[in-house]
Amino acid sequence: RSAFRGIFTALLTPLHKDGTIDFDSLANLVEHQISQGIHGFYVGGSTGEGFILTTDEREHVLETVVRTAAGRVKIIAHIGCISTMESIRLAKHAEQQGVDAASAVVPFYYKVSMQEIREHYEAIMAATSLPMIIYHFPGATGVSLSMDFYELMSRNPQCIGVKFTSLNLFEMQQIRARCGREFLIFNGHDEIYSGGAFAGADGAIGSTFNMMPGLFAQMYKLIAAEERPHMPTLQALQSEANEVIAHMIQFDVIPYEKYMLYLQGVISSWTVRQPLKQFTEKEREQIKAFYEGSDVL
Ligand code: HMN
């Protein structure tokens with residue numbers, strides 16, 4: 001499990017102007033990320049527009065990432081859907097691709113109980129031998145998970161951890177206390193990564209690593225390598241990242257990151273899939289001005 005410690009970029013899915021997937025830009029983005037020192041990828045999650053790609057597209061994206069990364073970094077495939085059956089289809093495909101782990105969002109939309117959520121994960125796990133990482137994102141799913149749920153899940157050796165996308169660090173610490181040191185916790189909100197590390201996170205999965213991979217890789221190094229990380233340095237790095245994140249959230253996450261990567265010359269277009277927000281020319285001008293004045297981007 002310790003091989004999963006580190007910085008995992010929740011990869012964007014670059015699109016052409018007509019909305020189809022730009023596989024060349026995707027491969028370029030993968031290379032760019034690896035060259036900046038990240039430790040792995042989280043493919044097909046929220047940032048990857050996973051929920052608005054077709055199932056075939058999700059498979060093709062994963063195939064490109066696996067082929068391009070060619071074993072240099074770890075790959076977690078997000079295979080979650082609100083349908084158990086469709087999640088199993090994607091999990092089987094991910095296993096054939098040779099990924100290192102699967103992750104699935106908590107089923108949302110239909111109000112199901114903790115027991116049905118557990119059975120959903122158990123069915124997906126039974127279909128492959130891939131390690132499973134729960135994807136908890138209450139801000140998007142509206143689903144809170146109980147501590148009993150985490151504890152029961154952590155007793156299954158195939159369920160290795162949780163991607164915890166919430167600002168509630170008390171809850172994160174409680175998961176660590178209930179599930180033990182071996183249960184992996186990935187911090188999911190990049191703006192609190194350093195705080196998450198102190199609450200017990202082993203690593204992080206985040207979208208802003210697409211734009212600032214080197215900065216977060218540096219933070220991880222500081223946290224992991226030293227028994228007592230130098231707090232002022234860590235705070236300064238988090239604050240540099242948060243200047244960008246605070247600017248980003250005045251606009252929108254995915255189109256903002258795509259536009260930044262376009263400006264950085266990594267991908268060929270800033271297009272996002274409908275119904276996500278496409279920036280106006282005026283918004284792009286404001287973001288470009290910020291980019292030009294930033295040392296981090
Ligand atoms: C994923 O599933 O793609 C992500 O890892 C999601 C990730 O946790 C991000 N959340 C969203 O995009 C809504 C964060 O990186 C987030 O963008 C960042 O912390 C800014 O709030």
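A nonpolar core is taken here as a set of buried Ala, Val, Leu, Ile, Met, Phe, Trp, Tyr and Cys residues joined through side-chain atoms within 4.5 Å, where buried denotes under 20% relative accessible area with a 1.4 Å probe and protein chains only. The model is predicted, so that local features need pLDDT of at least 70 and side-chain atom pairs count only at pLDDT 80 or more, whereas totals for chains, interfaces and linings use all residues. Residues are numbered from 1 along each chain as its sequence is written, and side-chain values use heavy atoms, with hydrogens and water left out.

The largest nonpolar core comprises 88 residues, and those with the most contacts inside it are Phe41, Ile79, Tyr121, Ile134, Tyr150 and Tyr256. A second, separate core of 14 residues includes Phe4, Ile76, Leu184 and Ile205.

The ligand is surrounded by 18 residues (one heavy atom within 4 Å), of which the closest are Thr47, Tyr135, Lys163, Gly188 and Glu191. This shell divides into 7 nonpolar, 8 polar and 3 charged residues, with Gly counted among the polar ones. Taken alone, the ligand exposes 490 Å², of which the protein buries 92% (Shrake-Rupley method, 1.4 Å probe).

Terms used:
Buried < 20%, exposed > 50% of the residue type's maximum accessible area, 1.4 Å probe, protein only.
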